[in-house]
Amino acid sequence: MDTFLGRYKNLIVLAAILFAQIVALAVQVRRPAQEGETRLIRLWAISTVTPIEKAVVHSQEWVQDTWTTYAYLRGVRRENRELRAELGRMKIDDARISEDARMARRVQALLAFKEQYVDSTIAAQVIGTSGSEQSRVLYLDKGSNDGITPDMAVITPTGIVGKIVQVFPDSSQVLPINDQFSGVGAALKDSRLQGILKGAANGATTLQYIMSDEKVVPGEEVITSGGDRIFPKGLPVGRVVSVEPGKDLFLNIRVVPSSRLDQLEEVLVVTKITEKMPDAKDLGPLRASDILAERLPTVPSKTEVDAAGNAKPGAATAGSATGTGTGAHPTAGTAASKPVNGAATINKPGGAATAPHTAAPGSTPGTGGVVKPKPTTTGTHPAATTARPSNSAAPVTTAPSQVGSQANRSAPTTTPKHPKTESAPNPNSDQSTIPPTGAPPQL
Amino acid sequence: MSSRVMPFRGSLTSREQVSVYEFSWAAIIFVPLIAVLIQIFIPVRVRFLPIIDLPFLVTIFFATARRNPISGCITGCLIGLTQDLFAGPSHPLGMYGIALTVIGYLASSLGLKIDVENPGSRFLLTYAFFVIHQGVYYGVAHGLLREGLQWSWSHVAISALANAVIGIFVFKFLDRFKQR
């Protein structure tokens, strides 16, 4: 026996160590750590290492900052000039985008559409990695003492990074989106197709569960869908680089993340996401026509106007918005034109409407204020008479939900808040709309 | 002229070459720890470093230098478990432990048989052991834990080459800690 043990001592020790570790593995697989729970040995190890990592990384940062701040000023003047030029360009873009955003917020408010906003973030420094290719977790220098909790989103200005999986007092662990155990609700920006972005062992990210009969083109942007309840909707995720038919009727869509996940230094941890209605108070007047205009197809806006400023008979055939008209297209009478900046006016009682931009079905020309419909109106939708000013001349601000519902019911119930801009009710004004031509609306 | 073929008598090295080295306790404790630390936070700055497996190289170095399979097993086991600690919550403790235990055993067993001081043999040893290391890890992950790892020969070959090249310099540096 002694001879046997002595002869195979090395192999026996090897087998014993391997057996112990396999048993330990089996125990971990059978009883995995609960969500957010950390094994004590890991807590000790990471708590021991974190101060060293912080010290090294921060001293490196300090040296780098010192160098870049005091020594490396070459080229700053030129860079400053370029940045100013870029800022100018961006200001112009900003003006256009702001206007679009205002309009989008108005519509969202009208539709009672709740949006998620990144309310507060904490900047954190990446101080470590897992050190292996099989696991891609990152370590941040902020932990529970800084208010970080598991399942918080981690982002950069260029795109999402991952989510917090474990939190220690002074550090936390991030599971990046390219880890094989990661999954993010994502959508294609243009086609709005939704899927799940998953990582792989080799660090590649693929968008899964998109049917193979869908058309996805390389180059399309991928954004968060908000379906995972971790990332707010609309954050950039990456870009499609290749699309191949996958197994099980799904496409295999390869995505390159927007964030440089292999070169991360500073990240933002989203500590609070607020879900609220878009604030449309300061976005100008809300008009029933705006709501409906968003729901209807747009139409050509060119209309011939004669010398007197009146629309030619044949030119204003689309917007048969009248309270007295009969036989019009069911939608023709609805006040659903896209808001236009044309000088649409409502003529005085009995006059003809001048409507340079009345090609939309149920256009609502006029700047004269609210046009009351006659209760006896026949043949058209009640909203047909909601002739709101199309040039913001009569700002009537109404609560979004109210406006939405009123638009669908009847416009006369809208409550003007600025009496100055509202014209006095005119008993004949309901007839001062464009006379019906009987022509169907041009959709 | 005729040449005599000498029968193989167990060792390919001369007696002088199979000398066993000792290390100070400080070196035994701190060299693996520093290797793991470097492995953890250097990839934040250096993009390609995850390919280089410093704890693996240190395991081979200690195992081949001490030429004791039992100490090789234990060294590999401890370094691997330390590496496991930092690999994230979804990575069970023991995966690297098992892989490096096997490598420690094999390296120390082979160290008894062949010359491991030569850069050429170190290169080949490291290359071969890296492939074995990846194979054992893949076997554990795929066979025991049913993880969906993908085996890529090209990736393993390139990683093994990189580790073998870096290993020559790492071993040369670590030779300073040897004590006869």
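Predicted model: local features only at pLDDT ≥ 70, side-chain atom pairs only at ≥ 80, totals over all residues.
Figure 1. Leaving aside neighbours within four places in sequence, Ile127(A) is in contact with residues of chain A, including Thr50(A), Glu53(A), Lys54(A) and Val57(A). Tyr139(A), Leu140(A) and Asp141(A) are also among its contacts. From chain B, Phe41(B) and Val44(B) are in contact with Ile127(A). Leu140(A) stands 13 residues from Ile127(A) along the chain, and the C-alpha atoms of the two are separated by 5.6 Å.

**Figure 2. The contact between chain A and chain B.** How many residues does each chain give to the contact? Chain A provides 49 residues and chain B provides 46 residues. Together the two chains bury about 4000 Å² between them, and 63% of this area lies on carbon and sulfur atoms. Between chain A and chain B, 9 residue pairs are counted in polar contact. The elements of chain A that give two or more residues to the side touching chain B are helix H2 (9–30), helix H3 (40–71), strand S1 (115–129) and strand S4 (159–167). The largest share of that side comes from H2(A), with 12 residues. By residue type, the side of chain A that touches chain B divides into 23 nonpolar, 17 polar and 9 charged residues. Across this interface, the number of salt bridges found is 0.

**Figure 3. The salt bridge of Glu221(A) and Arg239(A).** Side chains of opposite charge can pair when their charged atoms come close. Over all chains, the count comes to 9 salt bridges. One of these joins Glu221(A) to Arg239(A), with the closest N and O atoms 3.8 Å apart. The pair links distant parts of the chain, since Glu221(A) belongs to strand S9 (residues 221–224) and Arg239(A) to strand S10 (residues 236–245) of chain A, 18 residues apart. Are the two partners buried or exposed, or does an intermediate class apply? Glu221(A) has 29% relative accessibility and so counts as partly exposed. Arg239(A), at 42% relative accessibility, also counts as partly exposed.

**Figure 4. A salt-bridge network in chain B.** Which residues are joined into one network by salt bridges that share partners? They are Arg67(B), Glu117(B), Arg122(B), Asp175(B) and Lys178(B). Glu117(B) forms a salt bridge with Arg67(B), in which the closest N and O atoms are 3.8 Å apart. Glu117(B) lies in the loop between helix H4 (95–111) and helix H5 (119–144) of chain B, whereas Arg67(B) lies in the loop between helix H2 (54–66) and helix H3 (69–85), so the pair ties together parts that are 50 residues apart in sequence. Glu117(B) counts as partly exposed at 28% relative accessibility, while Arg67(B) is buried, with a relative accessible area of 4%. Glu117(B) also forms a salt bridge with Lys178(B), and here the closest N and O atoms are 3.1 Å apart. This second pair links distant parts of the chain: Lys178(B) is in strand S2 (residues 178–179) of chain B, 61 residues from Glu117(B). Lys178(B) counts as buried, at 15% relative accessibility.

**Figure 5. Positive phi values at Arg192(A) and Arg229(A).** Arg192(A) has a phi near 60°, a positive value in a residue other than glycine. Its place is in the loop between strand S6 (183–188) and strand S7 (194–199) of chain A. Arg229(A) likewise has a positive phi, of about 60°, although it is not a glycine. Where does Arg229(A) lie? Arg229(A) is found in the loop between S9 and S10 of chain A. With a relative accessible area of 46%, Arg192(A) is partly exposed. Arg229(A) has 66% relative accessibility and therefore counts as exposed, a class that requires a value over 50%.

Figure 6. The secondary structure of chain A comes to 6 helices and 12 strands. Of its 443 residues, 40% count as buried. The accessible surface of chain A is about 23600 Å², and 56% of this surface belongs to carbon and sulfur atoms. Among contacts in chain A with a separation of 6 or more, 65% are accounted for by residues 24 or more positions apart.

Notes: Residues numbered from 1 in each chain as written. Chains lettered and ligands numbered in written order. Heavy atoms only, no water. Contact = heavy atoms within 4.5 Å. Buried area = accessible area lost by both parts, 1.4 Å probe. Salt bridge = Lys/Arg side-chain N within 4 Å of Asp/Glu carboxyl O. Polar contact = N/O pair within 3.5 Å; in protein donor to acceptor, adjacent residues only side chain to side chain. Helix = DSSP H or I, 4+ residues; strand = E, 2+ residues; numbered from the N terminus. Nonpolar A, V, L, I, M, F, W, Y, C, P; charged D, E, K, R; others polar. Buried < 20%, exposed > 50% of the residue type's maximum accessible area, 1.4 Å probe, protein only. Areas by Shrake-Rupley, 256 points an atom, 1.4 Å probe, with all protein chains shown as cover.
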